[in-house]
Amino acid sequence: AGDVLGANGTDPSYTVLFFRAAALVTEVGGLMTHGSVVARECSIPGVVGVRDATRRLRTGQMVEVDGNRGRVRVLRDDDADGADDAAATTTTATPSSSDAAADADVFDQADDDVDDDEQF
């Protein structure tokens, strides 16, 4: 449990944030991108290549980040004001693995409508 680092992508300036994050979710990335490599090194689950991740993840949500399956699932959405907070997302992550890029391409098929129990 802890905060999820949600971002469009990461670069070396984000590295210090990985040590405080419970998981990583990015819109761009692949097996050997910065986010994937650092997530594995920090032993946190990560999913990269998530379409519209910065729009879908919002402060106050509880999400499950499954790096083995490449899935991010919204468990609960407690965001009272409905504002999008793309840079920093306070969530609870279920650390099911540290494989940052496994099956990430499944998110290319994400729907525009996101329900609380929907996986993306």
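Strands β1 and β2 (residues 23-26) run parallel and are joined by four bridges. Strands here are DSSP runs of E with at least two residues, helices are runs of H or I with at least four residues, and both are numbered from the N terminus. The model is predicted, so local features need pLDDT of at least 70 and side-chain atom pairs count only at pLDDT 80 or more, while totals for chains, interfaces and linings use all residues. Residues are numbered from 1 along each chain as its sequence is written, and side-chain values use heavy atoms, with hydrogens and water left out.

Two strands count as paired if DSSP finds at least two bridges between them. The three strands form an open, parallel sheet in the order β1-β2-β3. Its edges are β1 (4-7) and β3 (46-47), each of which pairs on one side only.

Strand β2 is covered on both faces, with A23 and V25 buried on one side and L24 and T26 on the other. Buried means under 20% relative accessible area, exposed over 50%, and partly exposed in between, using a 1.4 Å probe and protein chains only.

Helix α2 (residues 34-41) has its own buried residues: G35, S36, V38 and A39. Their cover includes α1 (15-18) and β2, where contact means heavy atoms within 4.5 Å. Just after α2, S43 takes a positive phi of about 55°.

Together, β2, α2 and β3 make a right-handed β-α-β unit. Right-handed means that, with the strands pointing away from the viewer, the path from the first strand over the helix to the second runs clockwise.
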